[in-house]
Amino acid sequence: MPGIVIVGAQWGDEGKGKITDLLADRADAVVRFQGGNNAGHTIVREGVHWKLHLIPSGILYPGKHCVIGNGVVIDPKVLIDELEALRARRVDVSGLRISANAHLIMPYHLLLDSAGEARLGKLQIGTTQRGIGPCYADKAARLGIRLQDLLDEKILKKKIVAAMEPKRLSLRPFEKDPSLDLLTMTEEYLTYGHRLERHIGDTSRLLWELLDEDKTVIFEGAQGAMLDIDHGTYPFVTSSNPLAGAASVGTGVGPRNLDEVWGVSKAYTTRVGAGPFPSELTESLGDTLRERGHEFGTTTGRPRRIGWLDLVALRYASRLNTLGSLVITKLDVLSGLDRIEVCTGYRDNEEAQFEDFPYHQTVLHHASAQSTELAGWKEDLGECRTLSDLPQAAREYLEFIAEHTRVPVTLVGVGPEQDQIIWTEAAKDTIIGRSAVVVD
Ligand code: GDP
Ligand code: IMO
Ligand code: MG
């Protein structure tokens, strides 16, 4: 012990990478437990940008254990490229450990992802086209290929044949694609196996040992609660569980080892891809916030959809995760507005009102936001380091969020840099914040 889980409390891109990087300074290990390279986590340190897709955000510290858990799906080519890019920037990646049980994204998963989207036409999900859904589908169908399979040519070949067979029909349009040739694919993946072999291990046991030695382990979520395949805005979701509960299954660590759950939310809302978004801003203010907050996807470069903070969804995310701490990022982006709206309820097309997140998809698709208006502020927040440095309206905004979610705000982001952060008094009540300098 202790295990600390950091999850996205919205639709992803909340700033989890920055927060994990910040808290990892006080931890011994960081482990990813779900998702794949659909994730894009940006870290900014002294003006230098780091973009991570598969490798945990603790990698930038020398000597920390960095683990990719069994619940992650891995595109080995992307992982090797990411490792090389880090090595080229003199980051020591030798400590990375990857679960032998993690599933692999294969060339046919990428083809199936784009074919699936094309087939859906107007109803498409807007996936990142990284093969995530088809890979998890094969895992559930027990046709998946795992990292350990790369270490045995015979097994690998057999498994590729078995996995491709049932997809013959859907893959027919790609028949001439050389990446689907059995021998080429086997050889390519065996090469990946050789290159990754030294990182492959029993990560469940490693994490158990670390926790047993009382080391601090951070479980780093990708995506966010509203993209959860079970509890999110299905079918406009990802194919894994980005909730804290998945940190246990996705790493092979028992739930009693998860001591704290931190949820990360922007001070407003963004979403990439299709699906319901009740508090979406369609007027030009959305464009202004997109530009100001640089709201373009880290992975695909797509412009993110923008909306006011949705407290109905945030309360739901808080419940699903039993959040103990809330991190509000990008408060700085809201500077300069005369007024700020916050979505505190939904109304459907029959004027029914909802304070809780509706379970019925149809209701959600027709829901519009009922908002409360709060005062804005003009000041730049980039230099604020304590709550008292913030304008009163910004402090009241944070109080409003804490009151309506009933979760204490422990950290507030006021810029992309690692040190553009405010530790609040409430952080003192957390394991990881206890040793932090709390100045307010
Ligand atoms: P993640 O997927 O949750 O790790 O988030 P992303 O990295 O995809 O997107 C968050 C973006 O916001 C990144 O470009 C971060 O550098 C940036 N960011 C994080 N926190 C803050 C903040 O408090 N203020 C501002 N202005 N930018 C932030
Ligand atoms: P991070 O970790 C934001 C979205 C996609 C799409 C849906 C399904 O950076 O927060 P998928 O490729 O997973 O099958 O796409 O999920 N999505 C994300 N949106 N941030 C992410 O990750 C995302 N990962 C997937 O845009 O709507
Ligand atoms: Mg992201």
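Reader: How far is an oxygen atom of ligand 2 from a polar backbone atom of Gly 126?

Author: A polar contact is a pair of N or O atoms within 3.5 Å; within protein, one must be able to donate a hydrogen and the other to accept it, and residues adjacent in sequence count only if both atoms are side-chain atoms. Here the distance from the ligand 2 oxygen to the polar backbone atom of Gly 126 is 3.4 Å. Oxygen atoms of ligand 2 also lie 2.7 Å from a polar backbone atom of Asp 13 and 2.8 Å from one of Gln 223. As for cover, ligand 2 has 550 Å² of accessible area on its own, and the protein covers 98% of it; such areas come from the Shrake-Rupley method with a 1.4 Å probe, and for residues only the protein chains shown count as cover.

Reader: On what basis are these values given?

Author: This is a predicted model, in which local features need pLDDT of at least 70 and side-chain atom pairs count only at pLDDT 80 or more, while totals for chains, interfaces and linings use all residues. Residues are numbered from 1 along each chain as its sequence is written, chains are lettered from A and ligands numbered from 1 in the order in which they are written, and side-chain values use heavy atoms, with hydrogens and water left out.

Reader: Which residues are closest to ligand 2?

Author: A residue is near a molecule or strand if one of its heavy atoms lies within 4 Å of it. Ligand 2 is surrounded by 20 residues, the closest being Asp 13, Lys 16, His 41, Thr 128 and Thr 238.

Reader: Which residues come nearest to ligand 1?

Author: Among the 20 residues around ligand 1, the nearest are Lys 16, Gly 17, Gly 40, Thr 42 and Asp 332. Polar backbone atoms approach oxygen atoms of ligand 1 at 2.8 Å from Gly 17, 2.8 Å from Gly 40 and 2.9 Å from Lys 330. The protein buries 93% of the 580 Å² that ligand 1 exposes when taken alone. Helix 1 and strand 3 are the elements that give two or more residues to its shell; helices (H or I, at least four residues) and strands (E, at least two) are DSSP runs, numbered from the N terminus.

Reader: Which residues coordinate the magnesium ion?

Author: Donors are N, O and S atoms within 2.8 Å of the metal (3.2 Å for Na, K and Ca); water is not among the atoms, so sites may look incomplete. The magnesium ion, ligand 3, is coordinated by Asp 13 (OD) and Gly 40 (O) at 2.0 to 2.2 Å. Asp 13 belongs to the loop between strand 1 (3–8) and helix 1 (16–24), and Gly 40 to the loop between strand 2 (29–32) and strand 3 (41–45), so the pair ties together parts that are 27 residues apart in sequence.

Reader: Is Gly 40 buried or exposed?

Author: Buried means under 20% relative accessible area, exposed over 50%, and partly exposed in between (1.4 Å probe, protein chains only). Gly 40 is buried, at 11%.

Reader: Where is Ser 99 placed, and what does its side chain reach?

Author: Ser 99 is in strand 7 (residues 96–99) and is buried, with 5% relative accessibility. The Ser 99 side chain reaches the backbone nitrogen of Asn 101 at 3.0 Å.

Reader: Where is Lys 428 found?

Author: Lys 428 is in the segment after strand 20 (421–423). With a relative accessible area of 39%, Lys 428 is partly exposed.
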